[in-house]
Amino acid sequence: MTTLAKAKRFNPRSLDAINFLLADVRGALGPYLNVFLVTQQHWSQSEVGVVTTIGGLLGLAVQTPIGAAIDTTRAKRGVIVLALAVLALGAVVIFALPTFWPVAAANSLMAVVGDVFGPAVAALTLGLYARKQLARRMGRNSAYDHAGNVAIAVAAGAVGYAFSQRAVFLLVPVFAVLAAIDNDRARDLREAPEAGGAPAGAEGIGILFRSRPLVVFGVCVMLFHLANAALLPLVGQKLAAAHPKEATAMMSACIVAAQAVMLPIALLVGRTADSWGRKPLFLAGFIVLPIRAVLYTLSDNSAWLIGVQVLDGVGAGIFGALTPLVIADIMRGTGRYNLAQGAVATAQGIGASLSGLIAGVLVDHAGYGATFLALGAVAAVAATVFGLGMPETADREGEAAPQQRAAGQIRPA
């Protein structure tokens, strides 16, 4: 059955619901964990950095193998359900035993299984939609993901205010169960693995290193997340210190402010990525990040900090919508889309893991202002590398052969 025929039988609302419900279990509660451990459990910044780094390093170690496995498995639905069950268990452990080793173990386990969702959903999308529909569908996926993040942030703020910061972690198993139920009922999604499996003659793992655009993109992704990952938790800590009774609500306000902007940005990117090209849009997302980091140093006022956080919606909205699309451009015809997604996610994990550790140490020794400026400098380097080294991957003049894409001969912007 052709991809177009499958798409005609497929109800897009099923994929919308999966993206919405998976938003929180992909890691939306991560910033709450950081604030909870610092403000309620009285952990040092360095201890929090160690826990997040351990989880990040273990998670990134399995990202590429997970991507390769998703390229070949026909049981994508079952893999998602199993990962949801493990995530729910990890969140319950954090709620019940918020001490160093249980939290470190649970956070690491959640980081590992969290790697499943992005590649699995992207594989389903790639199998269900024709190439000309892909940009809009990826943008729609990202928009529903951001809408889900808004929902979980509002729910977390209400739960944290009414009960405690600790109770917020019980939202993970609730959303995990809802996502598993929806995934089971999404009948047409079961056919996607047939389209998403790696075809005969797929490229070997060496394609990850032979593709210059993929290597450059991976480096840029790592630098972006090295600069970006620690910003929201640091802002959350500053707000929690100034307003200890409203710590969870303040964090929710930051998340809602950013996610509310990400949703329309993702839809806009989906509609314009083919006509405008990927590179100009992505470059805008990279440039916003150092500006945001510097603006955090200008005032400690809560309204200012939350207002600056809105800029996160621009950068992250572009990043979330375009990343799977750019990887699909680069890897088209190789049969290794999810392998490449895993490799890029590994680079992202390296950056995010080091971000938490480096930021924690810098705050302990130099303060928040110096830490924001240091992260801003890394963000500026990321924007420069992307602007100078990344080619345009949108194909507006006929499709390049897979061999040309792998060799880095995609038409420059």
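Which residue forms a salt bridge with Asp312, and how far apart are the closest N and O atoms? Arg292 does, at 3.2 Å, where a salt bridge is a side-chain nitrogen of Lys or Arg within 4 Å of a carboxyl oxygen of Asp or Glu.

Hi everyone, a quick word on the model. It is predicted, so local features need pLDDT of at least 70 and side-chain atom pairs count only at pLDDT 80 or more, while totals for chains, interfaces and linings use all residues. Residues are numbered from 1 along each chain as its sequence is written, and side-chain values use heavy atoms, leaving out hydrogens and water.

Back to our pair: Arg292 sits in helix H15 and Asp312 in helix H16, 20 residues apart. Helices are DSSP runs of H or I, at least four residues, numbered from the N terminus. Both Arg292 and Asp312 are buried, meaning under 20% relative accessible area with a 1.4 Å probe, protein chains only; over 50% is exposed, and in between is partly exposed.

The whole structure has four salt bridges. Arg278 meets Asp274 at 2.8 Å, N to O, and Asp329 at 2.7 Å. Arg278 counts as buried because its relative accessibility is 6%, whereas Asp274, at 35%, is partly exposed.

Now, who else touches Arg278? Beyond neighbours within four places in sequence, its contacts (heavy atoms within 4.5 Å) include Leu322, Val326 and Ala394. Ala394 is 116 residues away in sequence, yet the C-alpha atoms are 6.0 Å apart.

Key:
Helices (H or I, at least four residues) and strands (E, at least two) are DSSP runs, numbered from the N terminus.
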